[in-house]
Amino acid sequence: MTDELLREQVRYYRARAPEYDRTSRPPDDPFADLTGAAVADLHRLGPVERAIELGAGTGQWTGQVAAIAREVIAVDAAPETLDLNAANVRASNVARVVADAFEFTPDRPADLVVFSALLSHIPSARFDAFWEAIGRMLTTTGRVWLFDESPHGLWREEWVTDPEHEVVERTLEDGRRFRIVKVLWDASDLAARLEAIGWRASLVRRDPFYWGTVTPQRD
């Protein structure tokens, strides 16, 4: 079921691409101060030679990554979103690759791997495998920076069963419905889970988001 659910999740984002930028943020962006603080945190990691952005989507974060990296590889499983990414972010230092985050293998490792609103779409059963894949993308001194949604009560998802089953249903503007994965991590719980598999996390939680840096535990 998980494989089929992940395939449905990709179909959802491919179908949602034309409306994503219009529907992914509430009017007047009441969270602009929080995302601004997160952007500042990301920028403190630069400059870097090479960055990989996973789940790059329509480019809401790609320009920020491009501002601190000489070269950016923007990766997404949905080609429709990367087409919009290219239209939205015209930075000459960004290359785009259609690939699954679990399967993407760069031609050479990166100093920084960035992803926003991606970890919450990784099933708990695939958590370790996901971070193993991330580890293979990094240089020996590389770091990860992530931004995602925390558990909060500011809006509601349409859970298929209950949050423990990690599946929600989303409806597009044309009425089509899709199931996707949704895992809301508390920052402290996530840091503990990462430590158990060999990563060290420094995360900030400011609802409805959390963000921060994750590095492999090195000898």
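**Reading a fold, feature by feature**

Student: What is the relative accessible area of arginine 11, and how should I read it?

Tutor: In this predicted model, arginine 11 has a relative accessible area of 39% and is therefore partly exposed, since buried means under 20% and exposed means over 50%. Arginine 11 lies in helix H1, and, leaving aside its neighbours within four places in sequence, it is in contact with Glu4 and Phe178. Sequence separation and distance in space are separate matters: arginine 11 and alanine 78 are 67 residues apart in sequence, yet their C-alpha atoms lie 7.8 Å apart.

Student: In what order do the strands of the open sheet stand, and what is the sense of the pairing?

Tutor: The open sheet has seven strands in the order E3-E2-E1-E4-E5-E9-E8, and its pairing is mixed. Its edges are strand E3 (94-98) and strand E8 (199-206), each of which pairs on one side only. On average, neighbouring strands are turned by 15° against each other, direction ignored.

Student: Which way do E4 and E5 run relative to each other, parallel or antiparallel?

Tutor: E4 and E5 are parallel and share six bridges, and within that pair valine 113 has valine 144 of E5 as its bridge partner. As for burial, E4 is mostly covered, since six of its seven residues are buried.

Student: In what sense do strand E5 and strand E9 pair?

Tutor: Strand E5 (residues 138-149) and strand E9 (residues 209-216) are antiparallel, and six bridges connect them; valine 144 stands opposite valine 214 in E9. Helix H5 (residues 127-137) packs on the sheet, where it touches strand E1 (48-54), strand E4 (110-116), E5, E8 and E9, and its direction makes about 135° with that of E5.

Student: Which residues of H4 are buried?

Tutor: Thr81, Leu82 and Asn85 are the buried residues of H4, and, because they fall within an arc of 100° when seen down the axis, they line one face of the helix. Their cover includes helix H1 (2-23), helix H3 (62-66), E2 and E3. Helix H4 (residues 79-88) itself lies across strand E2 (69-76) and E3, running at about 170° to E3.

Student: What should I expect of phi and of peptide bonds in general?

Tutor: Most residues other than glycine have a negative phi, and most peptide bonds are trans. Aspartate 29, in the loop between H1 and H2, has a positive phi near 45°. Glutamate 166 likewise has a positive phi, near 65°; it is found in the loop between E5 and strand E6 (167-171), and because its relative accessibility is 15%, it counts as buried.

Student: Where does proline 208 lie, and which residue is joined to it by a cis peptide bond?

Tutor: Proline 208 lies in the loop between E8 and E9, and the cis bond joins it to aspartate 207, with omega about 15°. A cis peptide bond also runs from glycine 46 to proline 47, with omega near 0°, and proline 47 lies in the loop between helix H2 (32-43) and E1.

Definitions and conventions: Residues numbered from 1 in each chain as written. Predicted model: local features only at pLDDT ≥ 70, side-chain atom pairs only at ≥ 80, totals over all residues. Heavy atoms only, no water. Pairing = 2+ DSSP bridges. Helix = DSSP H or I, 4+ residues; strand = E, 2+ residues; numbered from the N terminus. Axes fitted to C-alpha atoms, helices over the stretch in contact; angles between N-to-C directions. Contact = heavy atoms within 4.5 Å. Buried < 20%, exposed > 50% of the residue type's maximum accessible area, 1.4 Å probe, protein only. Arc of directions from axis to C-beta.
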